[in-house]
Amino acid sequence: MSKVLILGMAPLPFEKERKVYGTGIRTWQFAESLLEDKHEVCIVAYKIPSTYENNNKVKVTYPIDLNKYKQEFEKYSFYLIPLGKKEFEDELILNDIHDSFIPDCIVGATFYPSFIATKIKSNAPFWADLFGHVMAEAQARAISINDDEVLFHYWNQEVRIIDKADIFSCVSKRQESATIGELGILGRLNRYTSKYNFTRLIPCAAPEDDFSHTKKVLRGIDVEEDDFVILYSGGYNTWVDVDTLFNALTLVMSENLKIKFVSTGGEIKGIDEKTYSHFLKMIESSPFKDRFIMKGWIPTQDVKNYYFEANLGINVDKKIYEVFLGSKNRILEWMRAGLLVLSSKVCELSHLLEEDGLGFSYIAEDAKSLKDKIVEIISNPNLAKKVAEKAKNYVIENLTYYKTTEPLREWVRNPKTSPDRDKERLLDRSKEEAFQNLEKIVKSQQEMIKVRDERISELEGIFHKKLIYRIYNYLK
């Protein structure tokens, strides 16, 4: 068995905080699978401040006493060291934890923890989970805030991960291709790595535990027993197409009085604080505003009860690269609970839904297509039931935490560094030359522009002189 140091995000699902983001779910997807294989696991997790009801600052004392962080959950025993942002980025703390634990390998679970893992001074093999293509996310953020400066921030971190990690996991085959492209740009596709497989596919997944309905949360409370409930659960990030969702719901609600929309979740502080508020403003001006039940963030343990009382789970993506290269945890959870799924046809998972008959999809950013698909689903209750049941069985058989993490579990059993670890890479050596050449090119272009401007100015002078001369002769 191996000793695995995981850098990830918190809260983890079992902590039962009000908010659990996909990054925390991903961290536990990795950790639980490795614990199931009897590895010794130490999780160092960044506590997302807005997710904790009582965000007490974590006090870390030197040297690290791992026994203080021993955690017991169900049949698992592991170390869990939750840290605030300042502590999580502190190299002294990270290296002290590393040297106390002495891992056989390091695993970064999602992008930010993978970047932080590059700061650790270690010879241990390093697995970086990218969990979506970050430069596509950066593009979405840039659009949201109308500022491209954010691109440099993300690229600076992505470059460090791509340059340092020995192996990478991605959530889709599409993202694997994008990652291989970045590896090529940074010189990792060299003579040492010709036969080496840098990437592994680890899709989003659902937990193995059986989902069950533990209490009534909707029917007879916020909606009638015979209402058709369309559910959205989770954060409203930059990729959520609330305009298409609102327009489609308005169309279908005007035709069917029994349709209710229920939302659990809301804005994501520090990431996207505009999308959800924009949606609320549209709802407030709607004649159907009473049929939008906006619950906001609710305790994690209650969320699954909504799955059992809804008729349809709806995923509304914009047609952007972030979605095209990524995936969706919420879709897997709906499927696992037996809730029928309707999604915009953008991400790889949405294509699987349609092609394998596991759910329904509509044309992204097309309100009429979404409205028509909702009407079709309502009109075919028997088909909807069969599709939902098929999807549930598919997830149980193929998309559980343990099954999806097989590539990681195999690597952890015998972790190895990449063939080009500690090797001189040509592009590393030529980076300075490239910057110098770039400066020469820029100076050359500036000189060309200067000469061009001077020539234009000269020609304009000649033209004006000739024009004045001609006018003078004409007036004479």
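**Entry 1: Lys-368 and Asp-372**

I looked up Lys-368 and found its side chain in a salt bridge with that of Asp-372, at 2.8 Å from N to O. I note that the model is predicted. Both residues sit in helix H14, which covers residues 367-379. They are four residues apart, about one turn of the helix. I then checked accessibility. Lys-368 is exposed, with a relative accessible area of 54%, and Asp-372 is partly exposed at 32%.

**Entry 2: Asp-227 and Lys-258**

Asp-227 pairs with Lys-258 in a salt bridge, and I read 3.0 Å between the closest N and O atoms. Asp-227 lies in the loop between S8 and S9, and Lys-258 in the loop between helix H8 (242-253) and strand S10 (259-264), so this pair ties together parts that are 31 residues apart in sequence. Is Asp-227 buried or exposed? I found Asp-227 buried, because its relative accessible area is 3% and the cut-off for buried is under 20%. Lys-258 counts as partly exposed at 32%.

**Entry 3: Lys-295 and Asp-222**

Here I found a salt bridge between Lys-295 and Asp-222, with the closest N and O atoms 3.0 Å apart. Lys-295 is in strand S11 (residues 292-296), while Asp-222 is in the loop between strand S8 (199-201) and strand S9 (228-233), so the pair ties together parts that are 73 residues apart in sequence. Lys-295 is partly exposed at 31% relative accessible area, and Asp-222 is partly exposed at 28%.

**Entry 4: the whole structure**

How many salt bridges does a search of the whole structure find? I noted 22.

Terms used: Residues numbered from 1 in each chain as written. Predicted model: local features only at pLDDT ≥ 70, side-chain atom pairs only at ≥ 80, totals over all residues. Heavy atoms only, no water. Salt bridge = Lys/Arg side-chain N within 4 Å of Asp/Glu carboxyl O. Helix = DSSP H or I, 4+ residues; strand = E, 2+ residues; numbered from the N terminus. Buried < 20%, exposed > 50% of the residue type's maximum accessible area, 1.4 Å probe, protein only.
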